[in-house]
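Please look over the structure shown here before reading on. The report that follows takes up its parts one at a time.

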Amino acid sequence: MRRPRTVRAILATAVATLSIGIPAAPTLGSPAVGQAAVGVPAGVATGMAESQLRWVGCPQDAGAIGVAPWLADRVERLVSDALADGVPLCGGGWRSYQEQVDLRFQNCGVSTKAVYEWPARWCSPPTARPGQSMHEQGLAIDFRPLRGVSRPDMYRWLRAHAREYGLYQLPSENWHYSTTGG
Ligand SMILES: [Zn+2]
């Protein structure tokens, strides 16, 4: 069952006041989030190492999108073709396992169970479990428009063109594209 919003909001506030930013990975018999240890539970895919990524620069010096090397040329073409169509955009690609944990902490709740075990759909917005996000593989991008372009215009462009580059939208999120649509 989904935890009521109000409780989650209270918890979110509580989290904001904690001095720690990184919850401990769960281990058997370890009840608490918020301990100092950082680790990856045994058997969890940890995604792609940051050192393996390729970074695709965005127009207007707006940053860069980190993706798996084999995907980079496609993303580069997407970004430049979108720009040529008057839709400058950038996005957030790769995310570390720890960043995914932090995001779950924000979006799902502060308990170990919420962070590591709740299904994605119980979080707001829905957020994949640590180790299961396409972002951690460098295969997903959350696009954002750059100056002067509205989100609806960017979404329209992506819906029409992203598949030409092998990127597919997650139906529940207009901004999230990945190589599988997941
Ligand atoms: Zn995403």
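## The hairpin

In this predicted model, G57 has A64 of β2 as its bridge partner. The two strands concerned, β1 (residues 54-57) and β2 (residues 64-67), pair in the antiparallel sense over four bridges, and they form a hairpin with six residues between them.

The loop between β1 and β2 contains Q60 and also D61. Most residues other than glycine have a negative phi. Q60, although it is not a glycine, has a positive phi of about 60 degrees, and D61, likewise a residue other than glycine, has a positive phi near 50 degrees. As for accessibility, Q60 counts as partly exposed because its relative accessibility is 39%, whereas D61 is exposed, with a relative accessible area of 79%.

## The open sheet and its helix

Four strands form an open sheet in the order β3-β4-β6-β5, with antiparallel pairing. At its edges lie β3 (89-92) and β5 (168-169), each of which pairs on one side only. Helix α5 (residues 151-161) packs on this sheet, where it touches β3, β4, β5 and β6, and the direction of α5 makes about 135 degrees with that of β4.

Within the sheet, β4 pairs with strand β6 (residues 176-178) in the antiparallel sense over three bridges. One of the residue pairs to note here is D142 with H176, its bridge partner in β6.

## The zinc site

Which residues coordinate the zinc ion? The ion is held by H135 through NE2, by D142 through two OD entries, and by H176 through ND1, at 2.0 to 2.8 Å. In sequence, the donor residues follow the spacing H-x6-D-x33-H.

The angles among the four donor atoms run from 51 to 153 degrees, and the site is irregular; a tetrahedral assignment would require all angles to lie between 85 and 135 degrees. Of the coordinating residues, H135 and D142 are both buried, which means that each has under 20% relative accessible area.

## A cis peptide bond

Most peptide bonds are trans. The bond from S124 to P125, however, is cis in this model, with omega near -5 degrees. P125 belongs to the loop between α4 (112-116) and β4 (140-145).

Note on methods. Residues are numbered from 1 along each chain as its sequence is written. This is a predicted model: local features need pLDDT of at least 70, side-chain atom pairs count only at pLDDT 80 or more; totals for chains, interfaces and linings use all residues. Side-chain values use heavy atoms; hydrogens and water are left out. Donors are N, O and S atoms within 2.8 Å of the metal (3.2 Å for Na, K and Ca); water is not among the atoms, so sites may look incomplete. Four donors count as tetrahedral if all angles lie between 85 and 135 degrees; four count as square planar and six as octahedral if opposite donors are over 155 degrees apart and all others between 65 and 115; anything else is irregular. Buried means under 20% relative accessible area, exposed over 50%, partly exposed in between (1.4 Å probe, protein chains only). Two strands pair if DSSP finds at least two bridges between them. Contact means heavy atoms within 4.5 Å. Axes are lines fitted to C-alpha atoms, for helices over the stretch in contact, and angles run from 0 to 180 degrees between N-to-C directions.
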